[in-house]
Amino acid sequence: MRNIILAAGLLGSIFTQQVSAEGECGKVTIADMNWSSASLIANVDRFILEHGYGCEAELLPGDTMPTSTSMIEKGEPDIAPEMWSNSVKELIEKAVSEKRLVIAGQSLSDGGEEGFWVPQYMVDKDPSLQTIAGVISNVKSFKHPEDPERGAFYGCPAGWGCQLSAENLYRALNLSDAGFDLIDPGSGAGLAGSIARAYEREKPWFGYYWAPTAVLGKYKMVKVDFGTGVDVEHFKACTSQAECADPKVTMYPKALVQTITTSDFTKKSAQGFDYLSKRAFTNEQMNGLLAWMEDNQADGDIAAEYFLTNYEDIWTQWVAADVAAKVKQAIKNR
């Protein structure tokens with residue numbers, strides 16, 4: 001009888017140790033990338049992993065290439081919450097095949113979005129403007145600021161990667177022949193300012209922009225449909241290249257925006273990894289949050305608290321009820 005009791009006690013001790021080990025996430029490092037949406041997500045992850053899963057979570061400064069290289073070579077940080085994977089596609093695919101990195105899921109469920117846009121208030125008045133044919137037939141509405149006989153198309157700022165694709169699509173769509181001049185806004189602020197000025201006066205505007213951004217959170221815009229769908233291969237081989245002699249019309253392909261972890265992290269916290277696989281924002285959600293950050297001059301930490309406090313309906317879908325309860329209590333105690 002005594003042996004049975006001892007055996008039972010030993011099994012109980014082993015079980016307790018296993019449960020304890022499973023509950024111990026330990027130290028976890030998270031890349032706090034140097035742009036607003038990534039910093040917001042990193043701070044949300046830090047708070048949930050720390051208070052919901054018992055991790056000792058720490059943020060480390062990050063950027064796309066240095067972070068991905070460090071994760072592969074040094075195994076740190078454990079998590080890159082918002083990795084624009086297309087720019088380091090081959091590097092990540094190789095590391096995944098070598099079982100150094102794991103793709104947890106999508107940070108932005110819609111992916112990064114680019115396109116040519118017009119204001120929502122214009123489409124409300126004339127639904128044809130949500131198509132490129134409608135925009136071209138109304139070229140005289142989009143008056144050039146210096147030449148009333150021409151229409152204005154606002155391109156991507158000179159020197160940016162998107163300048164090539166915007167100019168190639170301007171050529172492919174024959175916008176010059178249609179009466180549009182390509183305007184270089186000079187800077188990202190200049191491009192954003194042109195949209196803001198149009199919105200303040202409810203004036204026409206037509207040009208390139210991308211999401212998620214604070215601008216598209218503040219100003220409701222409609223992406224113009226070219227009616228062609230997406231030709232990914234042509235976009236990669238020609239539209240996005242400087243030497244593109246004969247660009248064809250194609251919509252912009254979705255940019256893959258993923259959460260990447262080290263393989264070691266999946267062993268540290270299976271539950272934490274499960275959370276990351278479910279945690280994703282739509283562009284509409286992120287646009288609104290970025291607009292709030294800009295209006296309130298909020299950093300990632302403040303924005304994460306705002307999100308967790310005001311958007312329980314979103315983030316509680318990513319975690320179990322007991323984890324949500326712990327996070328809610330931690331928010332109250334801040």
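**Exercise 1. Count the aromatic pairs, then classify the pair Tyr53 and Tyr275.**

Step 1. Rings of Phe, Tyr and Trp (its six-membered ring) pair if their centres lie within 6.5 Å; by this rule there are 24 aromatic pairs. This is a predicted model, where local features need pLDDT of at least 70, side-chain atom pairs count only at pLDDT 80 or more, and totals for chains, interfaces and linings use all residues. Residues are numbered from 1 along each chain as its sequence is written, and side-chain values use heavy atoms, leaving out hydrogens and water.

Step 2. Planes under 30 degrees apart count as stacked, over 60 as edge-to-face and the rest as tilted. Tyr53 and Tyr275 have ring centres 6.2 Å apart and planes at 35°, so their pair is tilted.

**Exercise 2. Decide whether Phe142 and Phe206 are buried or exposed.**

Step 1. Buried means under 20% relative accessible area, exposed over 50%, partly exposed in between (1.4 Å probe, protein chains only).

Step 2. Phe142, at 2% relative accessibility, counts as buried. Phe206 is buried too, with a relative accessible area of 0%.

Step 3. Together they form a tilted aromatic pair, 5.9 Å centre to centre with 55° between the planes.
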